[in-house]
Protein chains: 2
Amino acid sequence: MNEHFHFACHKVDGQARLSTFETPHGAIQMPAFAPVGTLANVKTLEPRDLTELGAQLILANTYHLYMRPGHELIERMGGLHAFMAWDGPILTDSGGYQVFSLADQRKLTDDGVTFRSHIDGSIHHFTPESVMAIEQALGPDIAMVLDECPDPLDRGYNMAALARTHRWAERCKAAHDRPDQALFGIVQGGIFPDLRQKSARFLGELDFDGYAVGGLAVGETKEQMYATLDETCPALPADKPRYLMGVGAPEDIVESVHRGIDMFDCVLPTRIARNGSLFTPEGRINLRNARFAEDPRPVQEDCTCYTCRTFSRAYLRHLYKAKEITALRLGTIHNLHFMMTLMADIREAIAAGRFDAFREAFLARFQISNQAVRHEQRARRKAAMSDKMTG
Amino acid sequence: MNEHFHFACHKVDGQARLSTFETPHGAIQMPAFAPVGTLANVKTLEPRDLTELGAQLILANTYHLYMRPGHELIERMGGLHAFMAWDGPILTDSGGYQVFSLADQRKLTDDGVTFRSHIDGSIHHFTPESVMAIEQALGPDIAMVLDECPDPLDRGYNMAALARTHRWAERCKAAHDRPDQALFGIVQGGIFPDLRQKSARFLGELDFDGYAVGGLAVGETKEQMYATLDETCPALPADKPRYLMGVGAPEDIVESVHRGIDMFDCVLPTRIARNGSLFTPEGRINLRNARFAEDPRPVQEDCTCYTCRTFSRAYLRHLYKAKEITALRLGTIHNLHFMMTLMADIREAIAAGRFDAFREAFLARFQISNQAVRHEQRARRKAAMSDKMTG
């Protein structure tokens, strides 16, 4: 790490960590959740909304921005911060996940990966070096290395992929030279403890500015995911932030903080909001349900978000049923406010040394609907990729 | 008019009038433009946006709200103001326009009109009395009478329809008894001066709280519309507001204020914004155009709206091209800000006794693109109705 970045762990409660990661565009209080702005925009929102919501970090997608409007255009327009008018911290993924899930006809070699655009069928080639050039042009505060994303349940594939992912990580580290941009490595290895530990140790020696756990929430059960974190986190350097990619269900966040994770990103809160599914402390409710037709209450009684301060469930249901765009926005505001409040509550609980009690109380109250879980698992297994890609 | 409403004309400059219309939810400074919130929501916006934009009056559509969520539900939820959380003035149309343009298989008798819902094919019957009951249940500050909307170029149809429209106006007046709600009559008669004058005189004698000019901007040329206003406005009572329904092109507003109109509503500024077409003092520009791909300027250099204060044309073009919902909202904010600024400028010019000079300067600068006009005319002639219906 250089003078632009600083990680400080203030308190450890069990495995849960209260920390701060300072970046050129501000400090991130951790554990933190990053809303996803796939195309340099958190869908339906504006920067002033993100500020009002207390968002500390936004994720943008390298693959999508490379496709359109192009990283070179964004660089000419002053980089991502200027382009999207967001002056806070930004993280970009490497595009690897999208290439392996979304693009057609990819061809993988040790050099890199050739693939067809999901937009116009044109052919592209990503290498560790080209992805570093793209991310450096985009200019986020945190860049991610290019990795290969195998099926987490396929041991053979994970063994074969891990060596290549590690070589790519070394090449990314060598190619990256922008001092005002942190570079995070990505631990792979599926659900296999020995592979995860090997990966964590290998990458740890490369001295990245932070470490992501990749390749989870894409097919395995929640129990397998939690068990993988149990094995992986202790093998990661203690003096760097730990980032669980693509995870954002409230129960998963609480369970992952409990296992030592500091950062999260996920399209889940924003995507389900656009489907009418909103978080409450008791679990998700879907406002399209007929039982809300004349419900004068806000989505969540004690919530201080604009949506809950202003509108009834009855009105929001009307907007969702009538397919009004405003509904998608008002739902997004509530769900992100819920996430930001959850993260603040988690930080407060760790600071007070009572995270275990917080976790137990949260999980006892927050009902995970079986339908929602089944839906999630189906989506993860099959088309999670194309869902995720559209943010 | 009763104690809830008061119309005061402060200044007349040529035919242009500077006035105030006081309603139970606040005073409307006129000439005024009302954004359209078809389904009790101005698409992509929230009440706080409308307040920030300086909107003084919102239109909502009786036909659409009767269909969903239903006027009785809205009444049980406390009426439109409470339901949509907008505490300023609201006007509802009568639904007549939508019945005649949008619904299928309508059957017209002197009693009323029977039609099929455009949503589920169910059969409904509107009479002057039932429409008054619906509008009184919805609870806007201003309600409109039920009228018949003929092709403005068909003299025979207009002659036949006018008698029925006038009887319906009488029946609406008789059925309306909510003192905190103004009731406006609607002048019909197509582009025919004798019919318009007859209609204006007949309705004038019924002593409505205001008068709308209906049945324009649906097939005639701009010149025919302006000529019709030349004949109609002088025949209307001078001590009541005059409302030109469904007109919102900036050049039409300036020309209509010049002829004595005080109020406007139209989906145009919000609808074209969702297509990427934004107003500038020089005319419309479409942000989807490739020439804006790297344009670092705001949409309009001197504009103070959030969109122009914050984003480049390049970024907005990217959002439009990528079909991001946020683009629709940012465009809507700009176009409504343009309209609110135009109306404020018009009021200022009338107050200073220089409206004619303002009009000439505005029209000399504001280029009406032939393509836009042709498109408008096609849309007006054929499917304007279904466009309007969706707000």
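Reader: Is strand β2 of chain B mostly covered or mostly uncovered, and how is that judged?

Author: A residue is called buried if 20 or more other C-beta atoms, placed from the backbone, lie within 10 Å of its own, while strands (E, at least two residues) and helices (H or I, at least four) are DSSP runs numbered from the N terminus. Strand β2 of chain B, residues 16-23, is mostly covered, with six of its eight residues buried. This is a predicted model, in which local features need pLDDT of at least 70 and side-chain atom pairs pLDDT 80 or more, whereas totals for chains, interfaces and linings use all residues. Residues are numbered from 1 along each chain as its sequence is written, and chains are lettered from A and ligands numbered from 1 in the order in which they are written.

Reader: Which way do β1(B) and β2(B) run, and how many bridges join them?

Author: Two strands pair if DSSP finds at least two bridges between them; here β1(B), residues 6-13, runs antiparallel to β2(B), and seven bridges join them. B:Ala8 stands opposite B:Thr20 of β2(B). The two strands form a hairpin with two residues between them, and B:Gly14 in the turn has a positive phi of about 70 degrees.

Reader: What is the bridge partner of B:Ser19 in β3(B)?

Author: That partner is B:Met30, and β3(B), residues 26-30, pairs with β2(B) in the antiparallel sense over five bridges. β2(B) and β3(B) also form a hairpin, with two residues between them.

Reader: How many residues of chain B are in contact with chain A?

Author: Counting as contacts those residues whose C-beta atoms, placed from the backbone, lie within 7 Å, 31 residues of chain B are in contact with 31 residues of chain A. α13(B) gives the most to this side of chain B, with five residues.

Methods: A residue is buried if 20 or more other C-beta atoms lie within 10 Å of its own, exposed if 12 or fewer, and partly exposed in between; C-beta atoms are placed from the backbone. Two residues are in contact if their C-beta atoms, placed from the backbone, lie within 7 Å.
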